[in-house]
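Reader: I'd like to talk through how this fold is put together. Can you take me through it piece by piece?

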Amino acid sequence: MDSPEVTFTLAYLVFAVCFVFTPTEFHSAGLTVQNLLSGWLGSEDAAFVPYHLRRTSATLLCHSLLPLGYYVGMCFAASEKQLYSLSQAPEAWRLFLLLAVTLPTIASTLIYYWSCDQWARHPLARTLALYALPQSGWRAVASSVNTEFRRIDKFATGAPGARVIVTDTWVMKVTTYRVHAARQQDVHLTVTGSRQHALSADSSLPVQLLTIHVASASPGVRAFDIRWG
C-alpha cells in the first residue's frame, strides 16, 4: 500500500496542476483564484481593467505559494522526516523550503512594484499608456476599455486561460498572468497556423481552428497570438 508521503504527493500534484490550469470541474466547484477572491477582485463587467490588474497579481501570488503549501502538507504526511524542524530536516528538503519561500517573496516584490503609483507599473497599465494622449494618462484609456467591455455587442470567446475579447476599438487576449491589448486600427493580423477538428461540440460539421498573430504598429506593444474558430 502506498505510503502517506506518496499519496499526498500525488494528490497535491493533481490539485496544483488543476488549480493552475483550472479544468471545467474546478470552475464548477469554484476552486479558482477568481472565485475564491471574488470579494476583493470585484466585478469584471463593472471595471474590466482594475479587475484584471488585481486578478493577474493575485493569481501570480497564489500560484507561487503552491510549493510552500506542499512543504507544509509534507510536514504532516511525512512527520518522520521532521520537516517542521529546520535543524533536523534533510538538506534536500531545506533547499526545497528555501525555493518555496523565495518564489512568493519574488512574486510579492513584483506585485508591490506593479501596484506603485496606483498600478501604473503593471504590464497592462504600461500597455494602455502607449495609447494615451499627451495630456492624459493610461487611466483615461482604461476608462474607455471599461466602457466598451460593458457593451453587449462585444465579442468574447475561448477558455478562461486564453480568452479573446474584441470590442469596438480593442483586440484583447486574457491569459492567466497577463492581458494583451492592441487597438484595432493599429493591428496587422497574420494567420500563422490552421488545424481542423472532425467534429464540433455543437454540430456534426468539421471545425477549423486558426492561429492568428496580432501585431501592433504602435512601438512597444507586444505582439500576441489568438486562437479563432
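Reader: What is the order of the strands in the open sheet of four strands?

Author: This is a predicted model, where local features need pLDDT of at least 70 and side-chain atom pairs count only at pLDDT 80 or more, while totals for chains, interfaces and linings use all residues. Residues are numbered from 1 along each chain as its sequence is written, and side-chain values use heavy atoms, with hydrogens and water left out. Strands are DSSP runs of E with at least two residues, helices are H or I runs of at least four residues, and both are numbered from the N terminus; two strands pair if DSSP finds at least two bridges between them. The pairing here is antiparallel, and the order is β1-β2-β3-β4.

Reader: Which strands stand at the edges, and why is one side of each left without a neighbour?

Author: An edge strand has a single partner strand, so one side of it lacks a neighbour in the sheet. The two strands in that position are β1 (155-157) and β4 (179-183).

Reader: Are α5 and α7 roughly parallel or roughly antiparallel?

Author: Helix α5 (residues 48-64) and helix α7 (residues 91-119) pack with their axes 8 Å apart, at about 165°. Angles under 35 degrees count as roughly parallel, over 145 as roughly antiparallel, 65 to 115 as roughly perpendicular and the rest as oblique. The pair α5 and α7 is therefore roughly antiparallel.

Reader: How many nonpolar residues are in the contact of α5 with α7?

Author: Among the contact residues are Leu53, Arg54 and Leu60 of α5, and Leu103, Ile111 and Trp114 of α7. Ala, Val, Leu, Ile, Met, Phe, Trp, Tyr, Cys and Pro count as nonpolar, Asp, Glu, Lys and Arg as charged, and the others, Gly among them, as polar. The contact has three polar residues, one charged, and the nonpolar ones number eleven.

Reader: Is the crossing of α1 and α6 left-handed or right-handed?

Author: Helix α1 (residues 4-21) and helix α6 (residues 66-77) have axes that come within 10 Å and cross at roughly 160°. That makes α1 roughly antiparallel to α6. A crossing is left-handed if the near helix is turned anticlockwise from the far one by less than a right angle, and right-handed if clockwise. For α1 passing α6, the crossing is right-handed.

Reader: How far apart do the C-alpha centres of the two domains, domain 1 and domain 2, lie?

Author: The bounds come from an automatic or database domain assignment, which gives domain 1 as 4-116 and domain 2 as 151-228. Ten residues of domain 1 are in contact with ten residues of domain 2. Their C-alpha centres lie apart by 29 Å.

Key. Axes are lines fitted to C-alpha atoms, for helices over the stretch in contact, and angles run from 0 to 180 degrees between N-to-C directions. Contact means heavy atoms within 4.5 Å.
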